[in-house]
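I open this notebook to record, step by step, what I looked up in one structure that is new to me. The entries follow the order in which I checked things.

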Amino acid sequence: MTALADSNIQVLAHQTNKQGKTLCGDSYFFLSTEEYFICVLADGLGSGEYANESSEAVADVIRNNHTADVEELMELANKVLVKKRGAAVCVFKVDYAIKSIKYSCVGNIRFFLYTSSGKLTYPLPVTGYLSGRPQVYNTQTFAYEAHSKFLVHSDGYNIQGVKDLLKGFSPLRNIAETIAEKYNNSDDDSTFILGSLL
């Protein structure tokens with residue numbers, strides 16, 4: 001499990017390959033600065049080498065341009081997929097100063113925000129995938145409170161009862177281990193990223 005922790009955020013990520021594949025078709029990148037947290041999860045179409053090529057290209061372009069706004073990052077992700085297989089892509093950016101999350105997603109990647117006051121937000125992504133063709137994005141902004149949690153995962157996971165998982169005071173690692181063990185799926189590439197906003 002990949003971990004990140006600072007005074008603003010705690011994050012855990014877990015990834016598994018489709019059975020029989022040496023490369024994962026999902027890729028992700030996240031980073032916390034003093035001002036913001038940036039995260040991308042990309043699920044390359046299919047599995048194996050070409051799915052990995054597409055998702056890694058998206059993760060790399062976000063890594064190299066993470067100061068940009070979410071809409072611009074989605075456009076960069078789309079452009080980098082020209083003549084590649086394509087990918088479902090979710091990008092979100094947390095602004096620590098104003099306690100907001102700006103989110104955009106195209107394709108079958110799930111995002112959940114559970115605030116400490118008990119509200120679960122589950123924005124619907126734009127259907128389809130990025131492939132370099134002209135694309136409409138639906139960027140949304142959500143407020144959060146201290147100790148809110150988020151979960152983003154590729155379609156390799158079919159996680160039931162997200163609200164029950166995220167509510168309460170269970171340590172982040174316990175929640176992550178529950179997801180990894182209970183919803184393990186070897187039939188597809190699977191990635192989840194779980195975070196707590198402090």
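Which residues is isoleucine 193 in contact with, leaving aside its neighbours within four places in sequence? I found Val11, Leu12, Ala13, Tyr28, Phe30, Cys39, Val40, Leu41, Phe150, Leu151 and Val152, where contact means heavy atoms within 4.5 Å.

Before going further I noted the ground rules: this is a predicted model, in which local features need pLDDT of at least 70 and side-chain atom pairs count only at pLDDT 80 or more, while totals for chains, interfaces and linings use all residues. Residues are numbered from 1 along each chain as its sequence is written, and side-chain values use heavy atoms, with hydrogens and water left out.

**Entry on strand 11.** I turned to strand 11, residues 190-197, and found eight of its eight residues buried, which is to say under 20% relative accessible area with a 1.4 Å probe and protein chains only (over 50% is exposed, in between is partly exposed). Strands here are DSSP runs of E of at least two residues, numbered from the N terminus.

**Entry on its partners.** I counted strands as paired if DSSP finds at least two bridges between them. Strand 2 (residues 9-16) pairs with strand 11 in the antiparallel sense over eight bridges; leucine 12 has leucine 194 as its bridge partner, and threonine 16 has serine 190. Strand 10 (residues 148-153) also runs antiparallel to strand 11, joined to it by six bridges, and there phenylalanine 150 is the bridge partner of glycine 195.

I traced an open sheet of six strands, paired antiparallel in the order 1-2-11-10-7-8. Strand 1 (2-5) and strand 8 (120-121) are its edges, and each has a single partner strand, so one side of each is left without a neighbour in the sheet.

**Entry on strand 5.** Why is strand 5 largely enclosed by the rest of the structure? I found that eight of its nine residues are buried, so strand 5 is largely enclosed. Strand 4 pairs with strand 5 in the antiparallel sense over nine bridges, and alanine 42 stands opposite valine 89. Strand 6 pairs with strand 5, also antiparallel, over seven bridges, with valine 94 opposite isoleucine 101. In the hairpin of strand 5 and strand 6, which has four residues between the strands, I noticed that lysine 99 takes a positive phi near 50 degrees.
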